[in-house]
Amino acid sequence: MSSLNIYKRIINLVSRSKVSVIGALLVSILLPVLLISIGFDSLGLIENPYFGFLLYVVMAPLLVLGTILLIFGVLFSRGGEEIGTYTVEYLKEQFTRPGRYSRIRRLLYFTVVITLLLVFVVGLASYSSFRYTSSSQFCGQFCHNVMQPQYTAYRNSPHSRVSCVKCHLGKDADWAERSRFTGLKQLWAVATDSYPRPILPPITALRPGRKTCEQCHLPEKFHGSRLYTRERFLPDETNTRVRTVILMKVGSGDIEGKVAHGIHWHVSESQQVFYRAADHEREIITEVRQVEKGKKDIIYTAMAGGDTDAGDSGGVGELRKMDCVDCHNRPTHIFLSADEALDRKLAANIISPYLPFIKRQALAVITKEYPSREVARVEISRGLQNWYRENYPELIENNPNLFERAVQGVVDAYMDNVFPSMRVTWGTYRNNLGHSKGSGCFRCHGKLRRVGSDRVISNDCNLCHVILAENEKQPEILKSLKGVIE
Ligand code: HEC
Ligand code: HEC
Ligand code: HEC
Ligand code: HEC
Ligand code: HEC
């Protein structure tokens, strides 16, 4: 029998059922398109995130569906003329008669080749869709509106080269599955426009820091103290520059026989800290447990009369092992306060501190509420232009570039941090790496008391840092360190 006959036979087989015809159509259209597109994508020729989505989240599954329909139709359809094709007698006949046998053999070869090809393409497609749905591009850009705040903050952060899944997913299946499952739920939420605005932490399915952060940062390698200087600008005529110099006792987990100490004491191997919170945000901590091998657990509870409720502390919430993200909850989605956002642009000279009152005026325009980012862009720049035209007309006349650049800097300070469509505004996301307004470290420090004693978890001002200068114009300490920093 010629291959033409085999071809006819296959057409015959397939056309006996509507199901397999639909399947065959899907396969024959999608197969070549997918092959070529995957080729393009692997070569990195197309960067559009929608292309990947179409390819791997729409077309690849359709191809699999087509294949299943095709096989299903051929095997199980009834009602065609050649209903006997796959009955046992028919097969026996085919295999025992020499003439027939060679015919069926060719048919078998053909089927095997087609199947292998399909398995290859489907495998390739599913591998690529796995890779694609794990890419930062997919996470951050595809669901553009939803992830815009996190994606923008991420791109401006020290972790902009770390892919989303390094922190949000990971290798061990258990957690990967959990996150992927919630990932599907999230896709559904986006499709049906039912996602929360803003998306509020904590993400309960985030893997423990030991499985994510510690792939790159080894807590036992932190050591000693670190000097930070912060530049601020006051809202006066000259935008006075002041500096805070602070020595952070970063400390370490235990290493080379040294005892764990300082800030990273909480994540050392030798002892562990657990806590229980009364609210979803983990803001109100009711119980802390310090667990050390071979020693009795030390338990701290909220003080009666404080703003945390000591009475029923136990039952609420799970006991959670403290890890990196309990302090570093904003390692990459760092949203600044309006003040900080402007200070950074001023320190970088993007907004020139030479412009009188620029800090004060900028602060006034970016902290107003705008219905959308587009409106904000226009209004912020108009607000500044109007004020300076009125009060310092020659100044902007003589320095048009300086002024333009400053206006753009002010607009960017807003754009990096405020997203009205997601209801993300100044201060929506709090940072636990400090103690503004009694949160962060002060959720425990100074709040909880050791059971059976008077001792409170220390909030001695020199426990965590030494403040060497606070908002000073010319800090002495920087003078003595001249040549070391700045
Ligand atoms: C360096 C690690 C890291 C990377 C990289 C990272 N994230 Fe996150 N992400 C976090 C942490 C930590 C949280 C806060 C978890 C908490 O407080 O429970 C978070 C929270 C979020 C939230 C919840 C809202 C919020 O701001 O708390 C979203 C949405 C999110 N990330 C999306 C992304 C996307 C999209 C990317 C990639 C473009 C990404 N993340 C990359 C660590 C990371
Ligand atoms: C894939 C590697 C990787 C992972 C995972 C990772 N980081 Fe980092 N992290 C880095 C690198 C690289 C830097 C240094 C970036 C720089 O200095 O510009 C950094 C810097 C930092 C810094 C210092 C930032 C600063 O302002 O100097 C902190 C804090 C930090 N990471 C915390 C975390 C936490 C918390 C997690 C887990 C949620 C995490 N990292 C996960 C690679 C990683
Ligand atoms: C008790 C809160 C707390 C915990 C828990 C914690 N950190 Fe930190 N970490 C800090 C503070 C505070 C600083 C210094 C201040 C700053 O960076 O603004 C810091 C600094 C750092 C730095 C930059 C400093 C340096 O010496 O390079 C890295 C990186 C870092 N932490 C990673 C981690 C990782 C990874 C974990 C989890 C294993 C972790 N931290 C757990 C509070 C904490
Ligand atoms: C979940 C509760 C909790 C939080 C949140 C917390 N701590 Fe602690 N911290 C403790 C406990 C418990 C101790 C041990 C008791 C003590 O020293 O009084 C401790 C001890 C310390 C110590 C002394 C370690 C040593 O050398 O023995 C430092 C430094 C410290 N914490 C810094 C921080 C900083 C910085 C933050 C915020 C970024 C923070 N802690 C947040 C519970 C917490
Ligand atoms: C449990 C640890 C801890 C204790 C106790 C503590 N601080 Fe802090 N403090 C921090 C951390 C962490 C930061 C750094 C925050 C950051 O990186 O922005 C900080 C920052 C500061 C800053 C600098 C803020 C800035 O950026 O201008 C000042 C000022 C300050 N603390 C004052 C105090 C005073 C006063 C006390 C005593 C009542 C105190 N702190 C006790 C952890 C602590």
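User: Is Asp 323 buried or exposed?
Analyst: Asp 323 is buried, because its relative accessibility is 7%. Buried means under 20% relative accessible area, exposed over 50% and partly exposed in between, with a 1.4 Å probe and protein chains only.

User: What sort of model is this?
Analyst: The model is predicted: local features need pLDDT of at least 70 and side-chain atom pairs count only at pLDDT 80 or more, while totals for chains, interfaces and linings use all residues. Residues are numbered from 1 along each chain as written, chains are lettered from A and ligands numbered from 1 in the order written, and side-chain values use heavy atoms, without hydrogens and water.

User: Which residue forms a salt bridge with Asp 323?
Analyst: Arg 320 does, with the closest N and O atoms 3.7 Å apart; a salt bridge is a Lys or Arg side-chain nitrogen within 4 Å of an Asp or Glu carboxyl oxygen. Arg 320 also forms a salt bridge with Asp 326, at 3.1 Å. Asp 326 is buried, because its relative accessible area is 4%.

User: How many salt bridges are there?
Analyst: The count is 14. One of them joins the side chains of Lys 359 and Asp 339, at 2.5 Å from N to O. Lys 359 lies in helix 12 (residues 358-366) and Asp 339 in helix 11, so this pair ties together parts 20 residues apart in sequence. Helices here are DSSP runs of H or I with at least four residues, and strands are runs of E with at least two. Lys 359 is buried at 2% relative accessible area, whereas Asp 339 is partly exposed at 36%. Arg 276, Glu 287, Arg 289 and Asp 297 are joined into one network by salt bridges that share partners.

User: Changing topic, which protein donors does the iron atom of ligand 3 have?
Analyst: They are His 264 and His 328, each through NE2 and lying 2.0 Å from the iron atom. His 264 sits in the loop between strand 2 (241-248) and strand 3 (271-277), and His 328 in the loop between helix 10 (324-327) and helix 11 (338-347), 64 residues apart. His 264 is buried at 15% relative accessibility, while His 328 is partly exposed at 34%. Donors are N, O and S atoms within 2.8 Å of the metal (3.2 Å for Na, K and Ca).
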